[in-house]
Amino acid sequence: MLFQQTYSKPSQISHASGKTVVSFSPDLGRDPTYFQGKIADPIRYRDAMCALRDVVVSDLTYKPKDHSAYQAWVEEQYILDIADQVAQYKELSERLKTVHSRLRELQMLRDRRNGDFNKAKRRYFDYLYTYDRAGWFVLDPVITVAPDQVFFEAFSQDESSYGRLAVREDVFSDVKEFQYGTTNIDFSDALYGELLRMRTYRPTEFQIDPAGFEVATEGREVYKEQKIDVPDSWIRGFLQVQSAMSLPTVSFDVKPIDIYNLCTFLRRHRERHSPRSLRYVLTPGEPVKLIIEPWNEKLIFSESVYTGDATREIRTWGRRRLFLLERLLPLSRRITIHLLGTGMPSFYIADLGSFSFTLGLSGWTRNDWAQAGNFDLMIGGGKADPRQSALVFAQLKLHKTLSSSELAARTQLSPDTVQAALRQLCSAGRVMYDLEEGKYRLRELTRDPLPMEQLQYANPREEEAAKLLSKEKITLQSIVENADEYELKGEVRSYKPVVRVDKDGRIKDASCSCYFYKQNRLMQGPCAHMLSLILTHRK
C-alpha cells in the first residue's frame with residue numbers, strides 16, 4: 001500500500017532564551033491537526049518519548065552471524081595444507097603457493113582500490129539512517145490530538161512490539177490553539193539526541209506545528225516529500241493490536257521493582273536451551289508468582305495480590321522485549337499486566353501519573369502482530385450495514401471517545417450491532433480501542449480510507465466459514481447459557497467444535513477436533529469450524 005507524506009520542515013527541539021521548544025512537523029497531506037501548549041513535567045515526557053523511540057528501533061529477530069571471513073580463512077588454510085601434503089610433487093606445490101601469493105596481492109589491491117567506494121557507501125547509509133528513516137523504518141509514528149490526551153503510537157522494526165504513549169490534558173498549561181485529529185509526524189534520529197537535552201530548569205513548550213499547513217496553503221516549497229510503499233503487514237499489525245486489546249484479559253497490577261528484578265535477572269543470565277518462557281502462577285487471594293524458565297527461578301510479587309476468581313497458569317514468550325520498559329520503571333507508580341492466555345499477546349501499561357505508556361507484545365518475538373495472530377476473528381462478529389457503521393462513526397466523530405455501551409445508547413442500536421460496527425471501523429483503521437480506559441477512540445490511521453472491499457474477510461478462515469454456512473454443512477447440537485456467557489456445541493462436517501462466548505460475542509475459550517486447532521490452539525485465532533458454528537448461532 002502506497003503512502004505519501006509531506007512535511008513543511010523537519011521536527012526539531014530548540015534550546016534558547018532559557019526555554020525548550022519541542023516542535024513536531026505534521027504530515028501536510030492529512031486534515032489539519034495541531035496543538036500548542038506548555039509541558040508541566042518535561043523529564044517524564046522526555047523519558048517516555050525515548051522509550052517510544054526504543055520501541056521503534058527495536059528488532060529482536062534472529063540475525064545469523066557473518067562467517068564469510070572465517071570461511072575465507074579456512075579455504076586459505078585448506079590450500080596450504082594441500083600444498084604441504086603433495087610435497088612429493090614439488091613443482092605443483094611451488095606453483096600452488098605462487099598462485100596463492102598472487103591471489104592475496106590481487107585481493108589487497110582490490111581492497112585499496114575499493115576503499116573510497118566502501119567509505120562513501122558507509123557514509124551514505126549513515127546519512128540515510130539520520131535523514132531519511134523511510135529507508136530503515138516503515139512509517140513515521142502516528143500522533144492523535146484528543147480532548148483528554150495527546151497520544152503517540154508506533155511499531156517496532158520486527159513488528160512484534162507496539163508502543164503507545166498517552167499524555168493527559170493536565171500535563172499541558174497555557175494551551176494556545178489546537179485541532180483534534182490524527183497525523184503522522186516527522187521523527188528523525190537527530191530529534192532523539194535533542195530530546196536527551198531536555199531539563200526541568202528550562203520551561204518546555206510542546207507543539208504540533210500549525211505553521212506547516214500555512215506553507216501547504218500558500219504553495220511554498222516543502223521540506224520533505226516521500227512516498228513509502230508500506231507492506232500490508234504494517235497496516236494489518238495495527239488492526240490486530242486493536243482486536244487483541246478488545247478481547248477479555250487476565251489483569252493484575254505489579255510494582256515497578258518487580259519488573260526491574262525480572263529484567264535484572266534476565267540481563268545476568270543467558271538461556272542456552274528451551275523453554276524460554278515466563279510462567280505466571282495466579283491463585284485467588286495470593287501474591288502473583290512468576291517462574292522464569294529454564295532456570296525455574298521463582299519471583300513472588302508480595303505486594304501484588306491476584307483478585308481473580310479462578311486459579312490460572314499462563315506462559316508468555318519473547319520476554320527480553322520487556323527491556324523496553326526499563327527506562328520508565330523509576331518514574332512509574334505501578335505496572336498493569338494484561339494477559340490473553342498462554343502463547344497469546346500481552347500488554348504492560350506503565351502508570352506515570354499524568355502519562356501512561358502501553359507496551360503490547362505479540363505471543364513471541366518471531367510471531368509478529370500481522371503474520372500469525374488473527375485476533376479480529378475472536379471479537380464479536382455480528383452484522384452491521386453501512387448505515388449503522390456510519391451512525392456509530394458519526395457519534396465517535398462528535399464525542400471522540402465513547403464506550404460500546406455509550407455508543408449503543410446514543411445510536412439506539414443493539415450491543416451486537418454496535419460491536420459489529422466497531423469491528424468494521426477498527427478493521428478500516430478509523431477507530432482504536434483504548435485498553436487503559438476501556439473505551440473506543442476516533443483515530444484515523446491513514447489519510448485515505450482503507451479499501452473496505454478488501455476487508456470483507458479479515459482472514460481466509462473467515463471466508464471459509466462463510467462458505468461452510470452457505471453450503472449448510474453445520475449442525476448446532478446444543479446451546480448452554482450461563483449468567484455471563486453461553487457455550488455452543490456442534491458438528492461441522494466431521495469436526496466437533498465447542499465455543500464459549502461472552503455476552504458481547506467475544507470468544508472466551510474454544511476447542512475443535514481439527515488439525516488446525518490441535519497444532520495452534522487459539523494462538524493464531526479460531527479455526528473456520530468455530531467461526532461457522534458462531535455464525536450459525538447468530539443466524
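On the face of α12 that is turned away from its buried side, the exposed residues are P460 and S470, where exposed means over 50% relative accessible area, buried under 20%, and partly exposed in between (1.4 Å probe, protein chains only). The model is predicted, so that local features need pLDDT of at least 70 and side-chain atom pairs count only at pLDDT 80 or more, while totals for chains, interfaces and linings use all residues. Residues are numbered from 1 along each chain as its sequence is written, and side-chain values use heavy atoms, with hydrogens and water left out.

Helix α12 spans residues 460-470, and its buried residues are R461, E462, A465 and L468. Viewed down the axis of α12, these buried residues fall within an arc of 115 degrees, so they line one face of the helix; the arc is that of the directions from the helix axis to the C-beta atoms. The buried residues of α12 pack against α11 (415-427), β23 (474-481), β24 (485-492), α13 (515-520) and α14 (528-538). After α12 comes E472, whose phi is positive, near 55 degrees.

## The chain and its cores

The chain has 14 helices and 26 strands, taken as DSSP runs numbered from the N terminus (helices H or I, at least four residues; strands E, at least two). Of its 539 residues, 51% are buried. Among contacts (heavy atoms within 4.5 Å) between residues at least 6 apart in sequence, 68% join residues at least 24 apart.

The largest nonpolar core has 64 residues, and those with the most contacts inside it are Y45, F152, F206, Y280 and F357; such a core is a set of buried Ala, Val, Leu, Ile, Met, Phe, Trp, Tyr and Cys residues joined through side-chain atoms within 4.5 Å. Helix α1 (residues 42-57) supplies the largest share of this core, 8 residues. Domain 1 (1-60 + 74-138 + 174-213) and domain 2 (235-372) both give residues to this core, so it lies between them; the domain bounds come from an automatic or database domain assignment. A second, separate core of 37 residues includes I235, A384, A408 and C426.

The structure holds 0 disulfides, a disulfide being a pair of cysteine sulfur atoms within 2.5 Å. The sulfur of C514 lies 3.7 Å from the closest cysteine sulfur, in C512, which is too far for a bond.

| Residue | Relative accessible area |
|---|---|
| T182 | 9% |
| D434 | 2% |
| C426 | 8% |
| C514 | 3% |

T182 is found in strand β9 (residues 181-184), and its side chain makes a polar contact with the side chain of T144 at 3.0 Å. A polar contact is a pair of N or O atoms within 3.5 Å; within protein, one must be able to donate a hydrogen and the other to accept it, and residues adjacent in sequence count only if both atoms are side-chain atoms. Although T182 and R443 are 261 residues apart along the chain, their C-alpha atoms are separated by 6.1 Å. Leaving aside neighbours within four places in sequence, the residues in contact with T182 include R30, V142 and E444.

D434 belongs to strand β21 (residues 431-434), and its side chain reaches the backbone nitrogen of E436 at 3.1 Å. Beyond its neighbours within four places in sequence, D434 is in contact with Q149, R164, K439 and R441.
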